[in-house]
Amino acid sequence: MADPAVPLPAGAGAAEREALGPRGPKPRHVFSRRNIFLYGTLFVVAVYYLLPLYVMVVTSLKGMPEIRLGNIFSPPLEITFEPWVKAWATACTGLNCDGLSRGFWNSVRITVPSVLLSIAIASVNGYALANWRFKGADTFFVILIVGAFIPYQVMIYPIVIILREIGLYGSLSGLVIVHSIFGMPILTLLFRNYFASMPEELFRAARVDGAGFWGIFLRIMAPMSLPIFVVAIILQVTGIWNDFLFGVVYTRPDTYPMTVQLNNIVNSVQGVKEYNVNMAATILTGLVPLIVYFISGKLFVRGIAAGAVKG
Amino acid sequence: MAAANGTSVSIQDLSLNFGAVSVLQTLNLDVAEGEFIVLLGPSGCGKSTLLNCIAGLLDISEGRIFIKGKNVTWEEPKDRGIGMVFQSYALYPQMTVEKNLSFGLRVAGVPKDEIAKRIARAAEILQIEPLLQRKPAALSGGQRQRVAIGRALVRDVDVFLFDEPLSNLDAKLRSELRVEIKLLHRKLQNTMIYVTHDQIEAMTLADRIAVMRGGVIQQLDAPQTIYNRPVNRFVAGFLGSPAMNFLEGQLEAGSTFKTDGVSVPLERYAFDGTERPTGACVLGIRPEHIAFGEAAKSMPFSASGSVEIVEPMGSDTLVWTKLGGRNLSFRVEAERTLRSGDPVQFGFDPARASLFDAATGNRL
């Protein structure tokens with residue numbers, strides 16, 4: 001038999017070639033044991049997470065008589081959007097009976113300025129900490145990061161007093177300030193790490209070109225940082241939209257954010273428990289973060305990965 | 001030479017400390033107008049740091065820096081009249097080539113038609129006109145570096161600073177761009193300060209080379225002088241490829257070098273001082289200064305040995321043998337076919353050798 005290392009003569013028979021063993025790409029089997037395990041596990045986990053959502057959607061589309069039958073997994077026999085309309089427009093939360101719509105607009109008025117304000121400040125913070133090494137920068141950074149580990153509960157009451165003293169207690173702007181401050185440590189860390197991972201020579205080149213603190217930030221650094229801005233927006237939008245604690249503490253009933261209103265609808269003790277309305281209200285409240293994730297999924301992963309490289 | 005035109009960059013007693021670590025120590029350097037000076041040294045010798053100090057990107061601890069007769073010690077980089085080219089190109093990735101070139105001018109508020117004029121000139125000199133509307137990501141390494149040079153060019157400055165501009169390129173491109181940089185210098189006649197760890201770049205480009213180690217300039221001289229008469233053993237060993245041969249031994253009565261049964265007459269060696277030193281010393285001789293075969297017999301010093309190994313390099317061949325128990329290499333023409341074990345006759349003229357003090361490493 002020929003040595004495998006020696007190329008066969010041109011006229012060698014097929015059988016002889018076969019005897020030399022494998023050649024070319026390795027064949028792949030769709031139903032290998034590995035694939036079955038992998039996709040099986042993924043399928044089970046996906047079902048596990050999607051089942052509650054399915055129940056919610058299905059229930060919100062049923063009328064109360066149908067719900068009382070108790071088949072929570074069965075699809076609705078008669079689809080009705082009544083519960084959704086009620087949850088949005090007429091459900092009673094405490095004194096008001098105009099549904100979640102009031103809370104939705106409150107949440108928008110809280111989230112948008114909070115997100116913009118906190119990201120604007122934190123990105124400049126992170127840029128200054130990463131690129132303009134001032135005296136005491138490290139100490140400042142440590143103090144800021146420690147802030148991320150202090151439990152919120154400790155600070156609730158002092159902040160109530162501070163807001164009362166400056167006359168912002170119960171107003172939306174008070175809550176906006178609170179959200180902006182609490183977002184600061186984690187966002188600054190995020191931006192600092194991202195800017196620190198950018199090549200130092202880029203910053204130097206911009207300085208030789210004559211750009212100053214703001215020039216470099218606005219014209220060089222910020223345009224290169226879309227992924228990390230997207231990450232920050234997602235973190236802040238979902239975090240602030242989902243917030244319940246600050247909302248319930250620092251606002252009044254007519255300025256309650258959507259989450260607090262949702263709680264009031266679901267946990268109301270008088271009357272019949274309208275499961276379909278509750279489900280619809282919950283989905284409505286969760287819709288905003290859900291949409292944000294769906295739109296930005298890819299950028300989000302990219303930004304998280306980019307920011308995590310350098311500590 | 002350019003030295004007659006006056007001083008372009010003058011560094012006086014410059015020191016730089018990071019905390020307790022001293023990076024540059026009372027360094028003095030005068031660069032003549034239009035001169036091409038290369039800062040050469042191993043990594044960590046402070047050459048890039050010195051360049052950053054000249055650019056104003058690092059605050060210095062002591063001393064003064066003058067550019068064009070103006071004290072710029074406390075000036076911002078943009079006010080120093082310098083343009084800088086970085087190793088990683090440092091192009092702004094979100095801008096087109098044109099915007100990259102014009103960024104500094106736009107920051108400085110230069111009128112639009114003036115910007116267009118300068119970009120057109122730089123693009124023509126560097127032959128990057130077809131690339132102007134592309135983003136840096138769509139350029140090759142050589143093209144990027146050209147754009148980076150262009151960015152310094154449009155600033156219309158007196159002094160160009162290069163920080164290892166060719167280190168990220170492959171060998172072929174490196175030698176091409178090396179020639180282009182030299183041509184550019186011929187054309188522009190600007191002062192250029194160029195940092196590299198590549199001795200070929202240093203030898204080929206420089207009017208003068210400053211060899212640095214540990215934050216101190218070891219020798220500042222024309223390439224040929226540094227090559228032929230290195231001031232100490234470090235400079236001798238750092239320049240030259242293949243490296244210089246070193247033989248440790250004793251200097252006797254200032255006229256003979258002795259080591260393990262070998263004695264080299266030094267009558268023809270040009271000592272630095274007038275007095276004849278004695279004691280432990282090191283003899284250095286470059287592989288290309290050792291003669292071989294018949295030619296060796298007429299040399300003031302000659303010896304014979306046998307070939308240890310042969311390294312063919314294409315253009316010539318490096319032969320390793322032993323002298324006084326130590327490895328010694330010399331160059332022969334590529335056509336010679338020598339094999340391990342062949343007897344060889346070799347010799348050299350001590351006038352071309354270098355003698356260093358064994359303790360201090362300084363040239364004798």
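In this predicted model, chain B holds an open sheet of 3 strands, arranged in the order β15-β20-β16 with antiparallel pairing. The edges of this sheet are formed by β15 (290-292) and β16 (301-306) of chain B, each of which pairs on one side only. From one strand to the next, the twist averages 30°. In general, the strands of a sheet pair through backbone hydrogen bonds, and the pairing is either parallel or antiparallel. Between β15(B) and β20 (residues 343-348) of chain B, which run antiparallel, there are 3 bridges. In one of these strands, β20(B), Phe348(B) is the bridge partner of Ile290(B).

Which residues of α3(B) are buried? They are Ile119(B), Ala122(B), Ala123(B) and Leu126(B). When α3(B) is viewed down its axis, the buried residues fall within an arc of 100°, so they line one face of the helix. The buried residues of α3(B) pack against α2 (97-108) and α4 of chain B. On the other side of α3(B), the residues Asp113(B), Glu114(B) and Glu124(B) are exposed.

The backbone just after α3(B) also deserves attention. There, Gln127(B) takes a positive phi of about 55°, although Gln127(B) is not a glycine. Most residues other than glycine have a negative phi, and most peptide bonds are trans. Gln127(B) lies in the loop between α3 (112-126) and α4 (141-154) of chain B. Is Gln127(B) buried or exposed? Gln127(B) counts as exposed because it has 11 C-beta neighbours inside 10 Å, and a residue with 12 or fewer is placed in that class.

Chain B contains another residue with a positive phi. Asp156(B), a residue other than glycine, has a phi near 55°. Asp156(B) is located in the loop between α4 and β7 (159-163) of chain B. Because 15 other C-beta atoms lie within 10 Å, Asp156(B) is partly exposed. A further backbone feature of chain B concerns a peptide bond: Ser241(B) and Pro242(B) are joined by a cis peptide bond, with omega about 0°. Pro242(B) belongs to the loop between α8 (233-238) and β11 (245-252) of chain B.

Attention now turns to chain A. How many helices and strands does chain A have? Chain A has 14 helices and 0 strands. The C-alpha trace of chain A spans about 95 × 70 × 30 Å along its principal axes. Its radius of gyration is 28 Å, whereas a compact globule of 311 residues would have one near 19 Å. Of the 311 residues of chain A, 30% count as buried. Among contacts in chain A between residues at least 6 apart in sequence, 73% join residues at least 24 apart.

Leu218(A) is part of helix α10 (residues 213-221) of chain A. Leu218(A) counts as partly exposed because it has 13 C-beta neighbours inside 10 Å. Leu218(A) and Ala87(A) are 131 residues apart in sequence, and their C-alpha atoms are 44 Å apart in space.

Definitions and conventions. Residues numbered from 1 in each chain as written. Chains lettered and ligands numbered in written order. Predicted model: local features only at pLDDT ≥ 70, side-chain atom pairs only at ≥ 80, totals over all residues. Helix = DSSP H or I, 4+ residues; strand = E, 2+ residues; numbered from the N terminus. Rg over C-alpha atoms; globule rule 2.2 N^0.38 Å. Buried ≥ 20, exposed ≤ 12 C-beta atoms within 10 Å, placed from the backbone. Contact = placed C-beta atoms within 7 Å. Arc of directions from axis to C-beta. Pairing = 2+ DSSP bridges. Axes fitted to C-alpha atoms, helices over the stretch in contact; angles between N-to-C directions.
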